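Dear colleague,

Please find below the structure that I am handing over to you. My notes on what was found follow it.

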Amino acid sequence: MREAIRQDVFAVPEANLVPAGCWVLRKTLPTTPDTWLNTLLVTGNGTDASSSNAGDICTIHSPELFDSIEDGDVGLVNGRGSVRVILSRRANHNTVLVTERCDNRCLFCSQPPKDRNDDELLMQAAAAIISFAGNDVIGVSGGEPLLYGDAFLRFLEIVQTHAPETGLHVLSNGRAFADRYFARAVAERLESPVVFGIPLYAALAEVHDTLVGAAGAHADTVRGLINAGNAGIPIELRIIPTQKNLQELVPLLELALRCFSGLQQVSVMNLEPTGWARANWGQLYCDPSLYADQLTSMVRQAEAAGLPIALFNYPLCHLPDTLHPWAVQSISDWKNYYPDTCSGCTMRPECGGFFSSSQGQFHQSPRIIS
Amino acid sequence: MMLPFNLEPLSDSRYFISNLAGFHRVVARETLELLAEQGDGVLDAGIKQDLARGLFLADSSAGEEAGVAALASGYARRLTRDLAFRPTFMIVPTLRCDHTCRYCQVSRAALGAAHSDYDLDARRIPQVIDLIARLGTAPYKLEIQGGEPLVRFDLVQAIYDEAEARLGATDFEVVITTSLSLLDDTILDWARGRRVVFSTSVDGTEVVHNRNRILPGDNAYQRVKRGIRAIQRQLGPDRVAAVTTVTKDLLAHPEALIEASQELGLTELFVRPVSPYGFAQKSGTGTYSFDDYMAFYDRLLSLIIAHEAAGGQLLSEYSGKIHLQRVFQPDFNGYADLKSPSGFLLDCVLINYDGKVFGSDEARMLQRVNPELDLSCGTVDHFDPAANPVYHKILKESLNAVHPGCEQCAYQPFCGTDPCQGISEQGEPVGDKSRSAFCQYHKRMFSYLIDRYYRDPEARSVMESWCHA
Amino acid sequence: MRYLDKERYSEWVVRQALYWLTPTTRWRLDETENQWAVALDDDSYSAQAELDRLLNDFLLRERIGRRTETTRSAIADAVIRSIQQRLSES
């Protein structure tokens with residue numbers, strides 16, 4: 001793996017003595033204990049390395065981890081000697097995973113689903129968000145978070161009551177909103193800023209259903225988007241261009257502009273070479289130069305309708321100059337990198353760079369911007 | 001499975017089809033015959049996909065359910081969007097005018113007429129702006145109409161000052177609709193640092209323009225030319241726009257319009273047929289058929305295309321542009337005539353020189369012709385549309401989807417209604433669409449533009465630049 | 001006088017076509033048991049052709065409309081529901 005901008009996983013041999021789960025990471029011993037998570041005191045060079053596993057507080061010594069965190073970050077201990085910092089005050093974006101179950105089987109899923117029961121993740125995530133108590137937006141992803149149904153409503157209530165400053169960005173396939181009573185129930189519980197990122201890949205049902213590996217998914221998501229928008233839920237519509245839906249991009253945007261309400265933004269996202277996308281790369285990835293016209297047309301249509309549109313995960317050199325203003329630096333810092341050839345590039349400060357997973361066959365080289 | 005849509009014939013056995021959400025396609029008659037006869041099962045796969053993308057077909061019962069939901073949602077979006085109250089506030093400081101134009105006898109009074117009869121009382125201006133502040137939201141759009149508003153430049157200044165104080169210095173914009181005959185350095189100096197643009201009329205080249213626009217003892221065309229030039233030079237090219245009323249004299253000479261725009265340095269044309277208000281028909285100058293008008297428009301568009309192909313600057317035509325934007329641009333509702341519910345009152349609040357308030361410019365003209373009716377929605381100090389049953393009737397019947405004649409029309413999602421024109425022509429707001437000038441004009445514009453857009457690649461690229469400029 | 005078989009031309013088709021024929025010519029509609037009788041003031045070829053064109057288009061509209069009748073009312077119901085919801089949200 002190429003070196004990312006920020007490291008998030010740390011091998012700490014003594015962490016295998018710490019029970020698996022979410023811990024609030026402290027660099028100094030807190031005066032009052034955290035009510036939501038157990039406390040893991042991290043010591044570094046120059047701090048007192050004596051372990052005290054008294055009460056709920058465990059201690060580990062890792063100068064590397066100590067130097068990478070802020071007091072109150074949240075870590076996930078796997079019980080096999082590693083700590084993953086899941087909520088970091090230094091990160092440009094934090095996400096919690098609430099389930100690995102999903103009713104879609106997207107050909108490019110970055111987090112391939114598992115069917116085992118993992119209900120404990122939802123309340124663990126709530127505890128982590130509340131304990132972290134940040135005032136930025138935290139991503140809530142899966143799997144499909146809305147499979148929890150009513151439990152998800154309780155999750156929203158708890159998080160918003162106890163972490164009112166924290167915004168949420170929930171990544172969902174939106175199928176659960178096909179039930180308009182559920183959509184309304186979610187809408188009624190939105191107090192702090194909550195946005196749902198919902199992907200739709202085609203205007204044509206067969207194309208979307210093929211890409212997400214689930215018959216009937218398109219009909220559910222379309223109805224879900226309509227119900228959620230009409231109920232007043234803020235939505236970010238996500239579109240991933242692949243070889244299979246190039247013909248769909250412009251009609252899909254028209255569908256969104258004409259039929260969906262509540263859209264805050266349309267995000268067009270370059271395929272990320274991770275998870276199943278790696279296995280299906282050859283039949284999915286499409287060079288952006290092959291659909292630059294469609295992107296241009298989409299940007300034009302969205303702008304004319306006053307709907308913000310952004311292009312995510314595109315190195316600037318893969319887009320025509322005219323689209324640069326819509327490209328955003330979007331790749332999370334723990335999986336973001338710039339190849340050596342980028343070092344001389346004057347555009348680098350404005351450029352989103354590459355996924356660190358895009359090595360070997362998945363790598364699309366930087367190009368010269370004329 | 002088929003989802004509902006409407007159809008209208010274009011040329012060459014092709015049809016324009018559209019649905020409630022505002023999607024459209026152009027299809028061959030044989031495709032429609034197949035659909036009517038055997039349903040969508042027999043269609044070519046490519047056509048089927050194309051139609052499914054626009055919600056004309058659904059591929060399954062789940063898809064049908066989603067399609068119904070999407071069409072309904074799209075339709076509801078259109079209605080709520082067109083229902084928004086975002087009026088332009090028109091103010092008529094005076095009805096007096098220095099011109100005695102042939103087709104305008106309704107919205108003017110003689111220059112020498114008594115000020116007290118035809119001018120706004122300056123003491124009322126704070127009330128006028130107060131009404132605007134209460135009804136509107138920033139950015140406010142103000143349009144100063146006439147008569148010739150520059151006859152009372154002092155009132156124009158007072159209106160601007162009051163707006164600046166009451167609405168916020170950068171929260172409004174003023175359009176002054178004027179012949180420019182009275183434009184002088186004082187007015188130009190005043191306008192320089194202010195949020196003011198001028199809208200004027202150019203009816204063709206000098207001969208045609210002066211035949212329509214009569215300025216006793218002077219040359220109207222030379223005046224407007226000098227005015228446009230001065231604004232362009234001193235204030236900038238974006239500060240002046242021109243509207244062309246197509247009279248019979250211009251009908252045979254669309255090239256005159258291209259010539260005039262070259263001479264005046266204007267790159268946007270805005271051509272319209274003579275309006276059915278203002279006695280134009282009775283005075284005999286405006287009597288031409290819509291077929292004649294569309295033949296003129298067709299030649300004008302070809303001239304614009306040829307002009308650009310020959311290396312000239314691209315000229316746009318605003319009427320064509322708004323019809324196209326209604327079709328191609330979701331959410332476009334920037335033109336009061338092409339809205340359903342109609343833009344009446346929702347898009348316009350007109351404050352007349354006498355303090356009466358109207359729901360559109362047409363309503364005040366209609367009022368002049370029909371003094372026995374009350375078409376106002378109150379006065380500056382007592383704005384109350386609910387008090388006048390005519391307003392209730394007009395607004396109630398301003399939804400074209402339920403008008404006989406519009407119900408089946410494929411242009412319905414993009415079109416609108418003009419209740420005042422209905423009242424003017426047929427004595428009631430809905431009217432018989434087969435005899436409605438509004439319907440004839442807009443239906444022809446839509447079908448002409450769409451037909452040409454899909455038939456003529458050169459025309460298409462010109463039309464696309466209009467829409468995306 | 002034009003006679004149109006009622007079996008082929010519904011009253012809806014005939015009335016819609018005549019509605020739009022008004023700008024071309026004045027007309028009168030009568031009926032017998034099996035036929036519509038249409039009298040045109042202007043009986044010229046072009047007026048007849050316009051009537052034929054209109055009849056054809058409305059026949060096509062009728063046939064297509066028949067296939068989507070139930071969906072049309074489903075949409076109307078959904079529109080009302082959605083506007084009500086939208087108004088209650090705002």
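Predicted model: local features only at pLDDT ≥ 70, side-chain atom pairs only at ≥ 80, totals over all residues.

**The interface of chain B and chain C**

The contact draws 38 residues from chain B and 25 residues from chain C. Between these two chains an area of about 2,700 Å² is buried, and carbon and sulfur atoms give 65% of that area. On the side of chain B, the residues that lose the most area to chain C are B:Pro4, B:Gln408 and B:Ser434, which together make up 20% of what that side buries.

Charged pairs also occur at this interface: the count between chain B and chain C is four salt bridges. In one salt bridge, the side chain of B:Glu8 meets that of C:Arg61, with an N to O distance of 2.9 Å. Side chains of opposite charge can pair when their charged atoms come close.

As for the elements involved, those of chain B that give two or more residues to the side touching chain C are strand E1 (6-9), helix H1 (29-38), helix H3 (61-83) and helix H18 (437-455). The largest share comes from H3(B), with ten residues. By residue class, the side of chain B that touches chain C divides into 19 nonpolar, nine polar and ten charged residues.

**The two domains of chain A**

Chain A is divided into domain 1, covering residues 9-87, and domain 2, covering residues 94-362. Taken over C-alpha atoms, the centres of the two domains of chain A are separated by 32 Å. Where the domains meet, 13 residues of domain 1 are in contact with 14 residues of domain 2. The area buried between them is about 970 Å², and carbon and sulfur atoms give 71% of it. Three residues, A:Trp36, A:Ile86 and A:Leu87, supply 59% of the area that domain 1 buries against domain 2, more than any other three residues.

Which polar links does this interface hold? Across the interface of domain 1 and domain 2 of chain A, the rule finds one residue pair in polar contact, both residues being at pLDDT 80 or more, and zero salt bridges. On the side of domain 1 that touches domain 2, the elements giving two or more residues are strand E2 (21-26), strand E5 (73-77) and strand E6 (82-87) of chain A. The residues of that side divide into eight nonpolar, two polar and three charged.

For chain A there is also a record to mention. An unreviewed UniProt entry lists residues 88-308 under "domain: Radical SAM core". Over residues 88-308 the chain is 41% helix and 14% strand, and the end C-alpha atoms are 28 Å apart.

**Salt bridges in the whole structure**

A search of the whole structure finds 57 salt bridges over all chains. Among them is a pair within chain B, where the side chains of B:Asp119 and B:Arg152 meet at 2.9 Å, N to O. This pair links distant parts of the chain, its two residues being 33 residues apart. B:Asp119 is in the loop between helix H4 (115-118) and helix H5 (125-135), whereas B:Arg152 is in the loop between strand E7 (140-144) and helix H6 (153-167) of chain B.

**Backbone details**

Finally, some points of the backbone deserve a note.

- A:Gly142 and A:Gly143 are joined by a cis peptide bond, with omega of about 15°. A:Gly143 is placed in the loop between strand E8 (137-141) and helix H3 (150-162) of chain A.
- A cis peptide bond also joins B:Ala138 and B:Pro139, with omega of about -5°. B:Pro139 is found in the loop between H5 and E7 of chain B.
- B:Asp331 is not a glycine, although its phi is positive, at about 75°. The loop that holds B:Asp331 runs between helix H14 (318-328) and strand E14 (348-351) of chain B.

With kind regards

Methods:
Residues numbered from 1 in each chain as written. Chains lettered and ligands numbered in written order. Heavy atoms only, no water. Domains from an automatic or database assignment. Contact = heavy atoms within 4.5 Å. Buried area = accessible area lost by both parts, 1.4 Å probe. Polar contact = N/O pair within 3.5 Å; in protein donor to acceptor, adjacent residues only side chain to side chain. Helix = DSSP H or I, 4+ residues; strand = E, 2+ residues; numbered from the N terminus. Nonpolar A, V, L, I, M, F, W, Y, C, P; charged D, E, K, R; others polar. UniProt positions renumbered as here; feature names shortened; annotations may be inferred.
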